[in-house]
Amino acid sequence: MAIKKFVVGSFDDEKVLFPAVKKVRKAGYKIHDVYTPFPIHGLDAVMGLRDTSLHTAGFIYGITGTTTALTFMSWVFNKDWPLNIGGKPHFPLPAFIPITFELTVLFSAVGMVLTFCYICQLAPFVKKHHFHARATDDLFIMVLECTSKTNEEEAKNFLAAAGAKEINVQVAEADWWLGRYDKEDELYAKGTTEVAHS
Amino acid sequence: MSFREQFEIPAKYKMWSMILMGVGLVSILAGYFMYGTGDEHHEARFWGTLLYNSVFFLLVVNASMFFICATTMAMGGWQMAFRRVSEAISFAVIPIGIISGVILLALVFGHQHHIYHWLTPGDDKILLGKAGFLNPTFFIVWTSLSIILWIALGAKMRSISKELDSSGPLSVEEGKKYIFKNTIWASLFLVWFGLTVMSTVPWLWLMSIDAHWYSTMYSWYTFASTFVAGIALITLFVIYLKNQGYLELVNDEHLHDLGKFMFAFSIFWTYLWFSQYMLIWYANIPEETVYFKHRVQGPYRGIFFLNLIVNFLAPLLILMRRSSKRNYTLLVFMSVLIICGHWLDFYQMVIASISKDHVEFNFFDFGVAAGFVGLIMWSTGIALGKRSLLAKNHPFFKESIIHHT
């Protein structure tokens with residue numbers, strides 16, 4: 001867990017947001033993330049995010065499922081409890097294929113969902129700081145992370161010049177932590193105090 | 001910004017299509033002297049080779065029109081940037097349809113009962129039971145009707161598309177009317193396609209070679225085979241035209257989607273292949289397993305499993321990655337592989353039923369196939385040159401330009 005300082009700017013127009021993201025990156029500020037109410041095509045490219053590796057993870061989960069299904073079934077039918085079913089061989093590959101297929105799909109689907117939740121830091125009984133409540137409604141929220149070299153005032157002015165409507169500085173927990181929103185706990189109260197509004 | 005809308009057939013392209021067609025003709029002649037005049041078995045080999053080649057390439061180019069109609073019905077816009085290419089490919093339905101029609105009717109009129117046993121059922125109870133469907137009259141009527149309606153409805157779809165070139169940009173009202181008209185004709189084509197390619201035609205033309213045997217999966221399986229090969233053919237032409245400097249508006253995103261189609265329908269083909277195989281393997285009823293006997297345990301074992309490797313394992317493993325669907329070289333390689341693979345599939349579907357005891361796979365097969373490839377190149381080249389490469393007045397054209405996957 002790391003409590004960091006952020007400069008938060010909110011935009012009300014995609015057409016302003018895109019050039020703003022480009023300018024901010026060009027100026028060398030570190031973008032923590034951009035929160036939008038809906039998926040925006042091309043924003044990931046503008047932000048310079050790399051392609052996800054989720055599909056590679058999915059492939060690995062998939063072949064794990066394939067191997068699990070094949071090894072388990074052949075162990076059961078050859079070693080643990082050999083049965084003669086309709087005179088079929090003890091390693092009836094065609095009969096194994098549907099189950100192998102299902103297990104491949106199951107493993108890769110469940111594995112990818114869990115991985116996706118982990119990457120996005122989503123889970124039950126876990127909290128994340130919300131930089132702006134209207135990020136889920138009608139505003140695009142750009143969050144800059146303050147490093148040791150960042151000058152807050154300069155960053156705020158830069159965001160204003162780039163077209164941000166509302167700018168503030170927040171000190172907040174960057175990652176997720178255990179706790180629930182309906183039961184305020186100490187950490188939440190301490191970690192997310194909004195330091196300044198402008 | 002100006003675009004190269006008018007395709008001019010390069011001299012080399014023309015030369016190669018002529019050479020390939022020449023090779024095809026020479027092979028048919030050579031095949032005729034080698035097989036066509038011999039005993040019944042040789043004759044069956046000659047006609048069988050003509051049958052599977054003509055039917056395969058006819059269904060492949062017809063799949064191109066199916067692609068247009070299916071995307072039209074789905075209100076798809078992404079394919080509009082290269083729609084004229086698939087239209088041009090579907091133009092080949094006319095020459096190949098006529099050739100296939102002649103071959104199929106020649107089989108029936110020539111009483112090739114070595115290929116179609118049901119032509120002379122005698123007192124075979126099973127064949128007599130199927131006589132309502134498997135009889136020469138129905139075969140002739142249905143075959144002619146199928147091919148004529150594919151040609152006619154395809155020509156109507158192409159002419160609707162051509163209207164736009166002279167009309168100029170459409171207003172919103174005109175656009176809605178235009179899309180509606182497109183939808184009506186596309187749905188008519190699809191209904192006829194469903195009644196023929198997806199059900200009766202493969203039963204009639206190919207499955208009836210094993211007249212005692214039947215599989216309800218067979219038509220879907222044939223359709224999947226030709227559709228994935230059809231998409232591969234569209235991809236090949238799109239990449240060829242791009243390399244020649246045409247189709248400036250087609251980019252990696254469109255190719256990515258074509259690659260996805262090839263990947264998905266290769267899996268779909270395997271699903272049907274396996275469903276057909278496994279149910280018969282599991283039930284193990286002699287009258288059903290007879291189809292697989294000489295394929296899985298006989299001389300066709302190698303081809304049978306090579307078929308699975310080429311058409312399933314290779315697309316699965318190679319086309320799975322995002323980067324390979326955006327790589328021109330890999331896509332060309334996979335398209336060629338898929339077309340050859342499904343051609344091989346048709347080979348074993350037809351020839352393995354005609355010549356059960358030994359495999360004959362030689363210059364004759366390749367030569368005839370080369371002839372059809374040349375014919376497709378020739379007719380597609382002419383059709384491409386006839387109209388603008390860009391359907392630029394189509395209401396969905398912009399959607400295709402900004403397409404993003």
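A residue is buried if 20 or more other C-beta atoms lie within 10 Å of its own. By this criterion, 43% of the 405 residues in chain B of this predicted model are buried.

Confidence comes next. The model scores ipTM 0.83 and pTM 0.90. For chain B, the mean pLDDT is 93. In that chain, 100% of residues reach 70 or more.

Chain B is built with 15 helices and zero strands. Its radius of gyration is 21 Å, close to the 22 Å given by the globule rule for 405 residues, so chain B is as compact as a globular protein of that length. Along the principal axes, the C-alpha atoms of chain B fill a box of roughly 70 × 45 × 40 Å.

Phe346(B) has 24 C-beta neighbours inside 10 Å, so it counts as buried; the cut-off is 20 or more. Which residues does Phe346(B) contact, leaving aside its neighbours within four places in sequence? The partners are Tyr52(B) and Phe56(B). Thr49(B) is 297 residues away from Phe346(B) along the chain. Even so, the C-alpha atoms of Phe346(B) and Thr49(B) are separated by 9.9 Å.

Chain A is assigned two domains. Domain 1 covers two stretches, 3-50 and 124-197. Domain 2 covers 54-119. The C-alpha centres of the two domains of chain A lie 43 Å apart.

Strand β1 of chain A, residues 3-11, pairs with two other strands. With strand β5 (residues 166-173) of chain A, the pairing is antiparallel and runs over eight bridges. Within this pairing, Lys5(A) has Val171(A) in β5(A) as its bridge partner. Strand β4 (residues 140-145) of chain A also runs antiparallel to β1(A), and six bridges join them. Here Gly9(A) has Met142(A) in β4(A) as its bridge partner.

The two chains also touch. Four residues from chain A and six residues from chain B take part in the contact. On the side of chain A that touches chain B, three residues are nonpolar and one is polar. No charged residues occur on that side.

Notes: Residues are numbered from 1 along each chain as its sequence is written. Chains are lettered from A and ligands numbered from 1 in the order in which they are written. This is a predicted model: local features need pLDDT of at least 70, side-chain atom pairs count only at pLDDT 80 or more; totals for chains, interfaces and linings use all residues. Domain bounds come from an automatic or database domain assignment. Helices (H or I, at least four residues) and strands (E, at least two) are DSSP runs, numbered from the N terminus. The radius of gyration is taken over C-alpha atoms; the globule rule is 2.2 Å times the number of residues to the power 0.38. A residue is buried if 20 or more other C-beta atoms lie within 10 Å of its own, exposed if 12 or fewer, and partly exposed in between; C-beta atoms are placed from the backbone. Two strands pair if DSSP finds at least two bridges between them. Two residues are in contact if their C-beta atoms, placed from the backbone, lie within 7 Å. Ala, Val, Leu, Ile, Met, Phe, Trp, Tyr, Cys and Pro count as nonpolar, Asp, Glu, Lys and Arg as charged, and the others, Gly among them, as polar. pLDDT is the predictor's confidence in each residue, from 0 to 100.
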